[in-house]
Amino acid sequence: ISGIYPRPPLPQHLTTEIRELVPNAEFLSNPARIQYCTQEIVVFREDIVTKMCRNAVYFPDTQDIADHFARTLCCQGHLAPLPLHTAPVYWDFDRSLSLYPLPDLVVVADKFEPFTAEYMGCQVINPGSFKRRDFSFKTYIAASRTVEDSEIPGDDQIME
């Protein structure tokens, strides 16, 4: 059951203590859709890039996996364009995995290398692993619709 999508949010009885400490915390489903002003942002926590590379019929010669991944998601209009035995889906809720109409930003929280790609006006980003990448992450600036690479400096990088 753990590999089937979409997933519901965490039950409230598991998040009670955190909600008391952070009263405005929201625990969303996976995938989650966020409407910010006029922009739609989709966040999907799944190692989908790795699964798609493993199950690719045609692997890109250019090794530019980020662009091919973004193009595949946007053209297929689905967060998990894979066979059911690879990416099982609850059919009654498959519409939550749909990318129609295309959002402004898709965040795929995957262990794969960090990347930023754009296709048909939809930005697809993967921040990568926070811990494995020297505490680096991606910052989305909604006003300019740009993505920046950011990093928390380590003790040896802090200037006095």
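Helices (H or I, at least four residues) and strands (E, at least two) are DSSP runs, numbered from the N terminus. You're looking at a predicted model, where local features need pLDDT of at least 70, side-chain atom pairs count only at pLDDT 80 or more, and totals for chains, interfaces and linings use all residues. Residues are numbered from 1 along each chain as its sequence is written, and side-chain values use heavy atoms, leaving out hydrogens and water.

Start by selecting Asp-110, in the loop between strand E3 (105-108) and strand E4 (115-119). Asp-110 is buried (under 20% relative accessible area; exposed is over 50%, partly exposed in between; 1.4 Å probe, protein chains only). Asp-110 has no salt bridge (a side-chain nitrogen of Lys or Arg within 4 Å of a carboxyl oxygen of Asp or Glu). Show Arg-45 too: that nearest side chain of opposite charge is 5.8 Å away (Lys and Arg count as positive, Asp and Glu as negative; His and the chain ends are not counted).

Next, hop to Phe-135, in the loop between strand E5 (122-126) and strand E6 (136-141). Phe-135 is partly exposed, at 40% relative accessible area.

Last stop: Asn-24, in the loop between helix H1 (12-21) and strand E1 (32-36). Asn-24 is exposed, at 72%. Its C-alpha is 24 Å from that of Ile-152, 128 residues apart along the chain.
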